[in-house]
Amino acid sequence: MTVKEVLRAHSAAHEDASAETKGEGGHASSVAPAATVAAGRASQELGVRRAEFELAVHLGLIAVTGAPGGGRPRVHEDEIARLREQPGFPDALVERVRTVGTAQGAALLDIAPARFTRLARAGCVSPVTFYLNRYRAVVWLYLADELAAFAAREPELLAGRTPPEMRTMLESGADWRARNWRSQRIDRLLDRTTDPWARTAVQASALDPVQLAEVVDDPYERAYLVRVRPEPVFGRPGSMAAREAMAELMLADDPDEILWRRVNLTLELDSARGDRPAPRPGDDGGARATPPARTGARPRAVRPAPAAEPAAPPACTGASRPAAVGRTTRKGLLARLGWRGRGAG
């Protein structure tokens, strides 16, 4: 063996040993996969558009995790692998997040667009998201899967005369679209956290400042609710007009709905106060911050859930409306809320 060959062999052996050392823990191995990827990369690997990806996250179909330092949420590679192994990938995932507007929804149900609008206003089908058209009007979008399920569940509402109770409700000007969107949005945000103050903040987001101050009279608690309120991890409206529309749509606007939200807020607030006090000026980390958690899966609440709002009005389902709270607690809660009812003046 020549001198050059000896030197060449020694160099190759040194490079192999160096590569093994890096792979074992000295430095990051070039073949070791990253633990998480950004949302854009994840949507590409899953073969879905960014809007479809964000809606899947909102619906809890894709789990994400908070980035260190409060950056944009990221997706674990094992989560991507799990989704890719599901039957029918990626078409099945795309179909689960497919949304349609009024015209497409009516065609899907084989009914007239006017009848579809009446069903939506009556609360029989609930929008999952919205956008603003060029006239800055809200255009509601519905999950195609949910419309198909409704057609299978309530075929009698797709043909024939509108039920009298529903017709009376619609003639009075009722419109449950925004209310149902709010209810589902709140439920999904609650599913992502078990922290009592964060859950309280979610309930508080449906009340205007006046209503909120009547239930949460401590200004430090109200300020803390703003700080810990969970927001959708993706899909925040970009334009000023869209943000203004979102802020308006988030607020309960019917006396009955406002009562529901005040009751839920009161119950969650009691739970939060029992867990820990809200911080005061000068506190040195007195109130624990909610650690970033992986979302998408539904964490189990550590305390009994508050009163839940019905998913649809009686005019659509024919079911009687459940009581907001039990008989033993209703009077005490309403007294704390300062609620006098619709006819109070």
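The protein chain exposes about 19400 Å². Carbon and sulfur atoms supply 53% of that area. Accessible areas here come from the Shrake-Rupley method with a 1.4 Å probe, and for residues only the protein chains shown count as cover.

Two notes on where this comes from. This is a predicted model, so local features need pLDDT of at least 70 and side-chain atom pairs count only at pLDDT 80 or more, while totals for chains, interfaces and linings use all residues. Residues are numbered from 1 along each chain as its sequence is written, and side-chain values use heavy atoms, with hydrogens and water left out.

Now the overview. The chain has 345 residues, and 41% of them count as buried. Buried means under 20% relative accessible area, exposed means over 50%, and partly exposed is in between, with a 1.4 Å probe and protein chains only. The secondary structure comes to 17 helices and five strands. Both are DSSP runs numbered from the N terminus: helices are H or I with at least four residues, strands are E with at least two. A contact means heavy atoms within 4.5 Å. Take the contacts with a separation of 6 or more: residues 24 or more positions apart account for 76% of them.

Next, the sheet. What is the order of its three strands? The order is S3-S5-S4, in an open sheet with antiparallel pairing. Two strands pair if DSSP finds at least two bridges between them. In general, strands of a sheet pair through backbone hydrogen bonds, either parallel or antiparallel. The edge strands are S3, residues 99-100, and S4, residues 129-132; each pairs on one side only. Four bridges join S4 to S5, residues 138-143. Leu132 has Val138 as its bridge partner in S5, and Phe130 has Trp140. S3 and S5 pair over two bridges. There, Val100 stands opposite Tyr142.

Stay with S5 for a moment. Val139 lies in this strand. Is Val139 buried, partly exposed or exposed? Val139 counts as partly exposed, because its relative accessibility is 21%. Leaving aside neighbours within four places in sequence, Val139 is in contact with Thr129, Phe130, Tyr131 and Asn133.

Look at the hairpin of S4 and S5. Five residues sit between the strands. Arg136 is found in that loop. Most residues other than glycine have a negative phi, and most peptide bonds are trans. Arg136 is not a glycine, yet it has a positive phi of about 60°. Arg136 counts as exposed, at 63% relative accessibility.

Asp110 is another one to find. Asp110 also has a positive phi of about 60° and is not a glycine. Look for Asp110 in the loop between H6 and H7. At 69% relative accessibility, Asp110 counts as exposed.

Then a peptide bond. Which two residues does a cis peptide bond join? The pair is Phe89 and Pro90, with omega about 0°. Pro90 has its place in the loop between helix H4 (77-84) and helix H5 (91-96).

On to the cores. A nonpolar core is a set of buried Ala, Val, Leu, Ile, Met, Phe, Trp, Tyr and Cys residues joined through side-chain atoms within 4.5 Å. The largest one has 31 residues. Phe116, Leu119, Cys124, Phe150 and Met166 touch the most other members. Among the elements that give two or more residues to this core are helix H7 (113-121), S5 and helix H8 (144-153). Again leaving aside neighbours within four places, Cys124 is in contact with Leu119, Phe150, Leu157, Met166 and Cys316. A second, separate core has 22 residues, including Val37, Val48, Phe53 and Val97.

Last stop, helix H11, residues 196-204. Why is H11 described as largely enclosed by the rest of the structure? Because nine of its nine residues are buried. Among them are Trp197, Arg199 and Gln203. The buried residues of H11 pack against H10, helix H12 (209-215), helix H13 (219-228) and helix H15 (255-275). At the start of H11, a side-chain oxygen of Asp195 reaches to within 3.3 Å of the backbone nitrogen of Trp197.

Definitions and conventions
Polar contact = N/O pair within 3.5 Å; in protein donor to acceptor, adjacent residues only side chain to side chain.
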